Every structure is written in C-alpha cells, then in structure tokens.
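Visitor: I'm new to this one. Can you put it up and walk me through it?

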Amino acid sequence: SYKGCHYSECPADYLDLVAEAKDYFARRAREENKLTAKGKPVADYEAADAARARGWAARIRAGKHTPKPQEPAMWAAGEDMAPDVDDIPF
C-alpha cells in the first residue's frame, strides 16, 4: 500500500492508476456539481491531482526521479512479526 506516501515516492504504474481514478472522480464531481465547503468545484481539485500523478509518472519513467524503495508498513516499526513457537495454539 502507498497510502500516506507522496507521489514522488510511488512507482509510475501506480501513479497511472491514481490518475485514472482521479479523472473518474473529477467526471463524477462535474456531473453532480459537487462543491467544497468554500463553494469551489471539487472537480477542479481532482483533475489537478490527476495531472500531478501523471507528471510524476512521466518524471519517473524519464529517469529524472527515482523513488526510494518503500519498506512494508508492518516492518517499518521494527517489529518482529514471527510468532514464538510457544504462542502457536496447535
């Protein structure tokens, strides 16, 4: 999962999927005329996020930026996830 990561930390293929999803949400927001709490169109923000994701994907593919390999969340805290033999109930 790349939840909580910056676009610059994600692989290009993932960013393409994010851009497609943001485009979908922008279309839906336009159809439903959704507005933010301050009265601005939500679709504009979704479309801008899609463009940012595509821009980062292009930079990464061109070799202008290399994302750092992400450490899986369960190991990031330094926890040993292997159970003790005595803790296994069978």
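Guide: One term before we start: contact means heavy atoms within 4.5 Å. Also, this is a predicted model.

Visitor: Fine. Which residues is Ala 50 in contact with, leaving aside its neighbours within four places in sequence?

Guide: Ala 50 is in contact with Ala 19, Lys 22 and Asp 23.

Visitor: Which residues make up the largest nonpolar core?

Guide: There are nine: Cys 10, Ala 12, Leu 15, Val 18, Ala 19, Ala 50, Ala 53, Ala 57 and Ile 60. At least two residues of this core come from helix 1 (12–32), and at least two from helix 2 (42–62).

Visitor: Why would residues like that sit together?

Guide: Nonpolar side chains tend to be buried together in soluble globular proteins.

Visitor: On to helix 1. Which of its residues are buried?

Guide: Ala 12, Leu 15, Val 18, Ala 19, Ala 26 and Ala 29 are the buried residues of helix 1. Looking down the helix axis, they fall within an arc of 105 degrees, so they line one face of the helix.

Visitor: And what covers them?

Guide: The cover over the buried residues of helix 1 includes helix 2.

Visitor: What's exposed on the other side?

Guide: Asp 13, Leu 17, Glu 20 and Glu 31 are exposed there.

Visitor: How far apart are the end C-alpha atoms of helix 1?

Guide: They are 30 Å apart, which agrees with the 30 Å that its 21 residues should span at 1.5 Å a residue.

Visitor: What comes just after helix 1?

Guide: Asn 33, which takes a positive phi of about 55 degrees.

Visitor: Different topic. How many salt bridges are there?

Guide: The count comes to eight. One of them joins Lys 22 and Asp 49, with the closest N and O atoms 3.6 Å apart. Lys 22 lies in helix 1 and Asp 49 in helix 2, so the pair ties together parts that are 27 residues apart in sequence.

Visitor: Is Lys 22 buried, exposed or partly exposed?

Guide: Lys 22 is partly exposed, with a relative accessible area of 22%. Lys 22 is also linked with Glu 46, Asp 49 and Arg 52 in a network of salt bridges.

Visitor: What does Asp 23 form a salt bridge with?

Guide: Its partner is Arg 54, and the closest N and O atoms are 2.4 Å apart. This pair links Asp 23 in helix 1 to Arg 54 in helix 2, 31 residues apart.

Visitor: What about Glu 32, which residue does it pair with?

Guide: Glu 32 forms a salt bridge with Arg 28, with 3.0 Å between the closest N and O atoms. Because they are four residues apart in helix 1, about one helical turn separates Glu 32 and Arg 28.

Conventions. Residues numbered from 1 in each chain as written. Predicted model: local features only at pLDDT ≥ 70, side-chain atom pairs only at ≥ 80, totals over all residues. Heavy atoms only, no water. Core = buried A, V, L, I, M, F, W, Y, C linked by side-chain atoms within 4.5 Å. Buried < 20%, exposed > 50% of the residue type's maximum accessible area, 1.4 Å probe, protein only. Expected span 1.5 Å × (residues − 1). Arc of directions from axis to C-beta. Salt bridge = Lys/Arg side-chain N within 4 Å of Asp/Glu carboxyl O.
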